[in-house]
Amino acid sequence: MAKQVKYNLSEKDIPKDWYNIVADLKNPPPPVLHPGTGQPVGPDDLAPLFPMEIIMQEVSAERYIEIPKALRDVYRQWRPSPLHRARRLEQALDTPAKIYYKYEGVSPAGSHKPNTALAQAFYNKKEGVKRLTTETGAGQWGSSLALAGAFFGLEVEVFMVKISYNQKPYRRAFMETFGATCHASPSTLTEAGKAILKENPDSTGSLGMAISEAVERAVQRDDTKYALGSVLNHVLMHQTVIGQEAIKQMEMADDWPDYVVGSTGGGSNFAGIAFPFIGEKLRGGRKTDIVAVEPAACPTLTKGRYAYDFGDTAQMTPLVKMHTLGASFVPPGFHAGGLRYHGMGPLVSQLTEEGEVQPRAYHQTECFAAGVAFAKAEGIVPAPESNHAVKAAIDLALDCKRDGTKKTILFNLSGHGYFDMQSYADFMAGKLKDEDFNQDELAMALAGLPKVAAE
Ligand SMILES: *Cc1c(COP(=O)(O)O)cnc(C)c1O
């Protein structure tokens, strides 16, 4: 039987800096606009939401930003994360391709999200913040921020999309174990939540709604700030430890990926693995094809418009230019809750527009089938979100089999699925359906995009 191969780095290989791809972009990123005035925001406009060091990272064009030593000391608990060669999967597929995966499920919360949760908690603590509010979809982000709150001594309040809150009681227990408070969103605790419930008392919630609630709570109190788990530049940058380590590990393997693949919700784990490889290419170095994989039921990159939009339903966040399905769009319920967001990280969107990223979309049942095949071969049950990357990696490997080409594929296994076994049970019982988004609702949400002078 094929042996599984592991490329382990040692502690000294934990990156000393985050990589900021803004320094290497062909075009400067479009400005972030104030939701009221439509004018570019300055750092002070964002101060009610974020600590100043995070704001400066958000607008930075420096190529490298140093990772504080105290934070690297926490990363040491699980970083560098392992890179595996998936030999048994290659054998099962009978492909000449080589498949590698970077495994972020070894973090204490089981996904890549602590890479940024801990960084955000660190800077908030440093600037005297006492409480953080946030939203969570499937629960991974809330879990990661809850963990970070426990490590750095911050109170954490999580608004969890109601459908997940009801489906995933263990997620809530996990967050509460770390001392966080968790509310089902929409809730009656905020004006935004009350307005949504007035219109639709049975609303099952969305990330856009939960963000509105978390932002509203944060701006109400001086000792409270807000933390976002994806989309924004600083969040994507914090994840680049993944790709920087992967580059070293590919070199250890004496190999280089022809393809780098990641699943995309708001773009953070994708950016984490892909941006260091894209940067290498943009600086004239080694080339790699970059594949972003999204759910066909929430196809932001493949069916959305590249336009200014709000990050939330109640239109409280700044406007960013990104691929969007419209802030009022509520995707159908499917099991990769972490991918159910109407927008996409502006940097991922821009790189897609500039042709550096090839997006593709898959339905959930084919992704679960890929996840089951991966689990049988490699012994890890992937998160439903990660299954999108698994599916694309398997498809690329099967293309190689058909064409007889020996390509190297690297994908990010962004997390494990051990809190998501109900979705696997449903899949195996044949209960999962491939729902399409509603075309009319999408058209309506896109028609409602804000009109912005800067476009
Ligand atoms: C949250 C999550 C995602 C999607 O979010 P991104 O910001 O796009 O990475 C993907 N995989 C896992 C395991 C997640 O927890």
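**Entry 1: the model**

I am working from a predicted model. I kept that in mind for each entry below.

**Entry 2: around the ligand**

I looked up the ligand's surroundings. I found 19 residues around the ligand. The closest are Lys 113, Ser 230, Gly 265, Ser 268 and Ser 414. I then sorted this shell by class. I noted 15 polar residues, 2 nonpolar and 2 charged.

Next I checked the oxygen atoms of the ligand. Ser 230 has a polar side-chain atom 2.5 Å from a ligand oxygen. For Asn 269, an N or O atom of the side chain is 2.7 Å from an oxygen of the ligand. With Gly 267 the backbone takes part: an N or O atom there lies 2.8 Å from a ligand oxygen.

How much of the ligand's accessible area does the protein cover? On its own, the ligand has 380 Å² of accessible area, and the protein covers 98% of that.

**Entry 3: the largest cavity**

I asked where the ligand sits. The ligand is in the largest cavity. I put the volume of this cavity at about 360 Å³. Its lining has 30 residues. Lys 113, Gly 229, Ser 230, Gly 266 and Gly 338 are the closest to the centre.

I traced the lining to secondary structure. Strand S6 (131-136) gives at least two residues, and so does each of helix H6 (140-152), helix H10 (207-220) and helix H13 (268-282). By class, I recorded 18 polar, 9 nonpolar and 3 charged residues in this lining.

**Entry 4: the second largest cavity**

How many cavities of 30 Å³ or more are there? I counted 5.

I had already noted H10 for the largest cavity. Which classes make up the lining of the second largest cavity? I found 15 nonpolar residues, 3 polar and 1 charged.

**Entry 5: recap**

The ligand sits in the largest cavity, and that lining has 18 polar residues. The lining of the second largest cavity has 15 nonpolar residues.

Key: Residues are numbered from 1 along each chain as its sequence is written. This is a predicted model: local features need pLDDT of at least 70, side-chain atom pairs count only at pLDDT 80 or more; totals for chains, interfaces and linings use all residues. Side-chain values use heavy atoms; hydrogens and water are left out. A residue is near a molecule or strand if one of its heavy atoms lies within 4 Å of it. A polar contact is a pair of N or O atoms within 3.5 Å; within protein, one must be able to donate a hydrogen and the other to accept it, and residues adjacent in sequence count only if both atoms are side-chain atoms. Accessible areas come from the Shrake-Rupley method with a 1.4 Å probe; for residues, only the protein chains shown count as cover. On a 1 Å grid over the protein atoms alone, a cavity is a set of points where a 1.4 Å probe fits but cannot get out, and a pocket is an open set with protein on both sides within 12 Å along at least five of seven lines; lining residues have an atom within 4 Å of a point. A molecule sits in a cavity or pocket if more than half of its atoms lie within 2 Å of its grid points. Ala, Val, Leu, Ile, Met, Phe, Trp, Tyr, Cys and Pro count as nonpolar, Asp, Glu, Lys and Arg as charged, and the others, Gly among them, as polar. Grid points are joined across faces, edges and corners, and a volume is the space filled by probe spheres set on the points. Helices (H or I, at least four residues) and strands (E, at least two) are DSSP runs, numbered from the N terminus.
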